[in-house]
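I'm opening my notebook on a new protein today.

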Amino acid sequence: MSHNSRLIINGGQSLHGTVRCSGAKNAALPILAACLMVQGDYIVHNVPNLADIRIMVRMLKALGVHAEYLSSGSVRISNSGSIKHIAPYELVTSMRASFFVAGPLLAQTLHAKVPLPGGCAIGARPLDLHLKGFKALGVDVSIEHGFVDMKASSLKGASICLDFPSVGATENVMMAAALSDGETVISNAAREPEIVDLAEFLIQAGAVITGLGSSTITIQGVPELKGADYAVMPDRIEAGTFLMAGAITQGDVTVEGISKEPLEACIQKYTEMGLGVEHAENSVRVFYKEPYRSVSIETMPYPGFPTDMQAQMMALLVLVDGVSMIKETIFENRFMHANELMRMGANIQVDSQCAIITGVSQLTGAEVKMTDLRAGAALILAGLAAVGDTYIYDLFHLERGYEGFTDKLIELGAQIR
Ligand code: EPZ
């Protein structure tokens, strides 16, 4: 999508039906990065077809791994073990998650030279916890000319306590530790399901990792890792977003290919608000039952309420009678969607990390702009419920993280073009 493409949503249709979840972007990205340190010929299945994924595939090729995106949503990998260690500038700056290559490059070549990714709209996104973890493993880190240069004569297991349960730092350190000498213990580790998925991939390749899903992860270093076919977990954030589309249009939406466990915190809030929620082994359903009630939300590391669902929840709450409150504790600037929602008639007071939402009876369609991936999804949800047409610009944000998002909404009855 170009920078001047736009979506036009005619609001007011309630959504009904079933959609299938794609593979999780935030599991596929670190798993693809880990392919740098997993030798052999193998296939990673259930990879979503997203702009960010395509950047990571290009990154692998640039570093010497043959990676080919197959039409079936799989990526074929051929890694002979000869890896370059300098990540290209233009790829890193276009996607900050490319810093995930640092851990695998250190594990495989004891050297990684990665441009400092810029911040992004939602915050400065520092890397101090990643670098502290690498230093504990014996890596010398220098930052010069906009590059982070990391070198080690060898990697030695260590005990690392993260100041904050950072998802990226947990993943990067776990990958570097997988081929280190000896045992590494990461305490205060992040517990996101995507980290468990990455660990399962590494274990299938021969890594020895225990404590998955807990805040203490123990890794016994092994000499090398060999690939085997692996399927990426479903995307709990995409699933939660579709359930919210059903909720905001007072419809009835089932998402298949997802279990309720990774959505527990969201389901808890949906139920508190008065949404009808049902689940089967591999699907979750949300349906309109009664007028929604206002709630308070505080974003927390997993298993708390996910920051990646905060914008979508704000869109839903602007139409709920009463006063709701959202506290964003993970990123320092993740309320930009509030301004756009106010242009559609929402009543929101933002005060640093808190947003107070006073319900209004309706939103009216307007011209609005996406500021980041999840804010974009929130504006689409608001457009689905607004009276009249909503014009949404800067769609490239959406392309980064949602595969066929609007097509799936149209399948559910949305009027989008
Ligand atoms: C991952 O980002 C996700 N991205 C984010 O999803 C998600 O919002 C975030 O985790 C939190 O769940 C991917 O997995 C690719 P963090 P990450 O390190 O790893 C601070 C989306 O929409 N921090 O847990 O960057 C940081 O500034 C994206 O798909 C440090 O201070 O998140 C932030 O305030 C958006 N120093 C907080 O921790 C560090 O060294 C959480 O960051 C690292 C992080």
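**Entry 1: before I start.** I note that this is a predicted model.

**Entry 2: H8 and H12.** I looked up helix H8, residues 236-248, alongside helix H12, residues 373-385. Their axes come within 9 Å and cross at roughly 20°. Angles under 35 degrees count as roughly parallel, so I can call H8 and H12 roughly parallel to each other. I also checked the handedness, and H8 passes H12 in a right-handed crossing.

Next I wanted the residues that touch. On the H8 side I found Ile-237, Thr-241, Met-244, Ala-245 and Ile-248. They meet Arg-374, Ala-377, Leu-381, Ala-382, Leu-384 and Ala-385 in H12. I sorted the residues of this contact and got nine nonpolar, one polar and one charged.

**Entry 3: H10 and H12.** What angle do H10 and H12 pack at? I got about 20°, with the axes 7 Å apart; H10 here is residues 310-317. That angle makes H10 roughly parallel to H12. The crossing of H10 with H12 is right-handed.

From H10, the contact uses Ala-311, Gln-312 and Ala-315. From H12, I wrote down Arg-374, Ala-375, Ala-377, Ala-378, Leu-381 and Ala-382. This contact divides into seven nonpolar residues, one polar and one charged. Looking back, I see Arg-374, Ala-377, Leu-381 and Ala-382 of H12 in the contact with H8 and again in the contact with H10.

**Entry 4: the largest pocket.** Rolling a probe the size of a water molecule over the atoms shows where empty space is left. I went to the largest pocket, and its volume is about 1400 Å³. Which residues are closest to its centre? Out of 50 lining residues, they are Arg-96, Ile-122, Arg-125, Asp-308 and Phe-331.

The lining has 23 nonpolar, 11 polar and 16 charged residues.

**Entry 5: the second largest pocket.** My last stop has a volume of about 270 Å³. It is lined by 16 residues, and I found Gln-250, Tyr-292, Leu-319, Val-320 and Ser-361 closest to its centre. I sorted this lining too, and it came out as 11 nonpolar, four polar and one charged.

Key: Residues are numbered from 1 along each chain as its sequence is written. This is a predicted model: local features need pLDDT of at least 70, side-chain atom pairs count only at pLDDT 80 or more; totals for chains, interfaces and linings use all residues. Side-chain values use heavy atoms; hydrogens and water are left out. Axes are lines fitted to C-alpha atoms, for helices over the stretch in contact, and angles run from 0 to 180 degrees between N-to-C directions. Helices (H or I, at least four residues) and strands (E, at least two) are DSSP runs, numbered from the N terminus. Angles under 35 degrees count as roughly parallel, over 145 as roughly antiparallel, 65 to 115 as roughly perpendicular and the rest as oblique. A crossing is left-handed if the near helix is turned anticlockwise from the far one by less than a right angle, and right-handed if clockwise. Contact means heavy atoms within 4.5 Å. Ala, Val, Leu, Ile, Met, Phe, Trp, Tyr, Cys and Pro count as nonpolar, Asp, Glu, Lys and Arg as charged, and the others, Gly among them, as polar. On a 1 Å grid over the protein atoms alone, a cavity is a set of points where a 1.4 Å probe fits but cannot get out, and a pocket is an open set with protein on both sides within 12 Å along at least five of seven lines; lining residues have an atom within 4 Å of a point. Grid points are joined across faces, edges and corners, and a volume is the space filled by probe spheres set on the points.
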